[in-house]
Amino acid sequence: MKKILTLTAAACLALAAAADNGTQPRDRDDNLLRAALKGWHVRLSAGFNVGGTTPLPLPREIRKIDKYSPTFNLAIEGNAHKRIDDSRWGIMVGIRLESKGMSTDATVKNYHMEAVNADGSGRIMGAWTGHVKTKVNNSYLTFPLLATYAINDRWSVAAGPYFSYMYNGSFTGEAYDGYIRDQNPTGEKAEVSRATYDFSSSLRHFHWGLQAGGEFKAYKHLCVFANLQWGLNGIFPSDFESVTFALYPVYGTLGFAYLF
Amino acid sequence: MRTKWFAAVAACLGLLTSCIKEEALNAECDITGVDSAWIARHRSILIGRPIVTNDHVAFNIQKGTDRTQLDPLFTLTPGARLTMRADGGEVTANGVMRDFSSPQVYTAHSEDGLWAKDYTVAFNYPQPISRCSFEHYELDPTGRYHVWYETDTADTDNPRRDYWASGNPGFALTGMGRTAADYPTTSYALGVKGNCVKLTTRDTGFFGQGVGMPIAAGNLFIGEFRTQYAMQFPRQATHFGMQLVGGRPLRLEGYYKYTAGPVFTDKDQNVRPELHDTCDIYAVLYEVDPSNFMSLNGDDVLTSDRIVSMARIDEPGEPADWTFFSEPFRPMNGKTFDEERLRADGYAIAVVMTSSRQGAYFEGAVGSTLYVDEIRIVWEGEE
């Protein structure tokens, strides 16, 4: 997290400095650069991810979201964009350093849970009624591959798949003020004031999904953008038994980009 | 920009909350208790409180009471219903007159109709605790751990007496037991005579740690284990003692052997090299209010001012071979045994054994193993 903050600060400083220097000689340098890149335009962007890592649709066992906090998720990204034959269409590839996280506090009823002991010696299984706090904070290196379409000089849209490698992840929480029924709803009932869990080591490293969004070019070198990233594989492997439904990261990004 | 940001957050929140589905009907189907008005009406025949577990209900009744026509009324999970098998079908059963000469089965059905479980309901004439050889045991209804019971051979159609309880149902939640032998309390074939019980202090794995209970000592006791409280108030989950007193108790006798585990740890899993594990075997006679039975629990079983006398192996040591013990009941709190009180069901007795003396406080050594067999309470006049 600290690393990302430093990187982002550096990126912002660089962008600010670059925006100040929009003078004539610099433009000539840009032209040379553009020629060298054979039609590829480079951009740097920074933004925030806001969203949830959530089962879709919400299962019936989740009765209420009592609290939701989007947490502070930064995304910084470098892209290369190319228009195809001077048409409105283009392609954009990139590399993005981002975090996707949130914390929630939910009320659940008869929520099936399973967990396998770390040493494989046994398995906890039961139906939980009570509260569940979840805190997700995953850091990804993401590669978007987008098709772009310019509506006019200022507005354009982009969509396509993205592929992520999670290099650091945490999924922790606690079940509190409720009771578990051993095995299933007919099993022994035990009231629990607080039980913590940490499934960080079971998180999946490879993710992919679809991304779509639009941008508005406010100045020659600066645009603001918004997009939605819809995860298409769950954050846990499909054979992971502790959380029986898949949790998909669904996050929106808002940010700005500097266009070189 | 700012408004856009808020709009996006609102949209995401909307996404999360708008799709909360309609609440499902209850999936649970418990007998949660016995109707208090019914108990009040039957006060004169009942001894103590009915014991309600997850699969059976036991009423203790005065010897000689007619039990061929009783209509127990149970309280249930909201929406649940009780049926019984009659005339080849399922008919409603709660509050229905039945013949309890032998135990009767009730089936509880959940409100959503997807779950059901059977309860065995028995009306028992209590049999004072005497000789316990631990030959009668079976797997619990989920087939994972052992439970023990005594038998009253005089009650031919209803001999079973569920007097023994252990912490096994709590350990079951941890998922650490693969077989019944992995549980803290288990039957063992090589007893002094026939089978004995083997009590082992076990590691409770990450689930146990997550709830601050890193170990589970093997235990077996006369009374009731209330799994419901096991994780929140563990010492109040062990209800020690029943009104099974046959007279003035003189001695607690039996055979045991013990080995302490190598590493003593405390509640926070700190290794305490200066401490060594010890087992505990004791019996407590205490006074009860016959019209409002309250058992002793893990907090006060050794200290309550209701205790009349106690027999305990003070220094059990670590005998490697079967060792006979015979401990006298020593008076406590200046109390003397009163025959009058006995006739009014005013005494209860608990027999307790555990592989770690401080197990109730989650202090002990994983691997400490206690074997016990042929437990006997010697009542006055029996010698």
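**Close-up views of a predicted two-chain model**

Among contacts in chain B between residues at least 6 apart in sequence, 69% join residues at least 24 apart; two residues are in contact if their C-beta atoms, placed from the backbone, lie within 7 Å. This is a predicted model, in which local features need pLDDT of at least 70 and side-chain atom pairs count only at pLDDT 80 or more, while totals for chains, interfaces and linings use all residues. Residues are numbered from 1 along each chain as its sequence is written, and chains are lettered from A, and ligands numbered from 1, in the order in which they are written.

**View 1. Chain B as a whole.** Let us start with the overall picture. Chain B holds 6 helices and 30 strands; helices (H or I, at least four residues) and strands (E, at least two) are DSSP runs, numbered from the N terminus. Its C-alpha atoms fill a box of roughly 85 × 60 × 40 Å along the principal axes. Of the 383 residues of chain B, 44% count as buried. A residue is buried if 20 or more other C-beta atoms lie within 10 Å of its own, exposed if 12 or fewer, and partly exposed in between, with C-beta atoms placed from the backbone.

**View 2. The largest nonpolar core.** This core has 88 residues; a nonpolar core is a set of buried Ala, Val, Leu, Ile, Met, Phe, Trp, Tyr and Cys residues joined through C-beta atoms within 7 Å. The residues with the most contacts inside this core are B:I222, B:A283, B:V284, B:I349, B:A350, B:V351 and B:V372. Strand 28 of chain B (residues 347-354) gives the most to the core, with 7 residues. Another core lies apart from it and has 25 residues, among them B:V34, B:W115, B:Y119 and B:F123.

**View 3. The surroundings of B:V372.** Which residues are in contact with B:V372, leaving aside its neighbours within four places in sequence? They are B:C196, B:V197, B:G254, B:Y256, B:I281 and B:M353.

View 4. The domain assignment, which is automatic or from a database, gives domain 1 (26-125) and domain 2 (126-379) of chain B. In all, 15 residues of domain 1 of chain B are in contact with 13 residues of domain 2 of chain B. On the domain 1 side, strand 2 (46-52), strand 3 (56-61) and strand 8 (116-124) of chain B are the elements that give two or more residues. The largest share of that side, 4 residues, comes from strand 2 of chain B. By class, the domain 1 side divides into 6 nonpolar, 6 polar and 3 charged residues. Here Ala, Val, Leu, Ile, Met, Phe, Trp, Tyr, Cys and Pro count as nonpolar, Asp, Glu, Lys and Arg as charged, and the others, Gly among them, as polar.

**View 5. An open sheet in chain B.** The 6 strands of this sheet follow the order 2-3-8-7-5-6, with mixed pairing; two strands pair if DSSP finds at least two bridges between them. Strand 2 and strand 6 (89-92) of chain B stand at the edges with a single partner strand each, so one side of each is left without a neighbour in the sheet. On average, neighbouring strands of the sheet are turned by 30 degrees against each other, direction ignored; the axes are lines fitted to C-alpha atoms, and angles in general run from 0 to 180 degrees between N-to-C directions. Strand 7 (residues 104-109) and strand 8 of chain B run antiparallel and are joined by 6 bridges. The bridge partner of B:Q104 in strand 8 of chain B is B:V121.

**View 6. Two loop residues of chain A.** Chain A has 2 helices and 10 strands. A:T71 lies in the loop between strand 2 (62-69) and strand 3 (73-83) of chain A, and has a positive phi of about 55 degrees although it is not a glycine. Because it has 15 C-beta neighbours inside 10 Å, A:T71 counts as partly exposed. A:D86, in the loop between strand 3 and strand 4 (89-116) of chain A, is likewise not a glycine but has a positive phi of about 55 degrees. With 8 other C-beta atoms within 10 Å, A:D86 is exposed.

**View 7. The contact between the chains.** Here 44 residues of chain A are in contact with 42 residues of chain B. Strand 7 of chain A gives the largest share of the chain A side, 8 residues. That side has 20 nonpolar, 14 polar and 10 charged residues.
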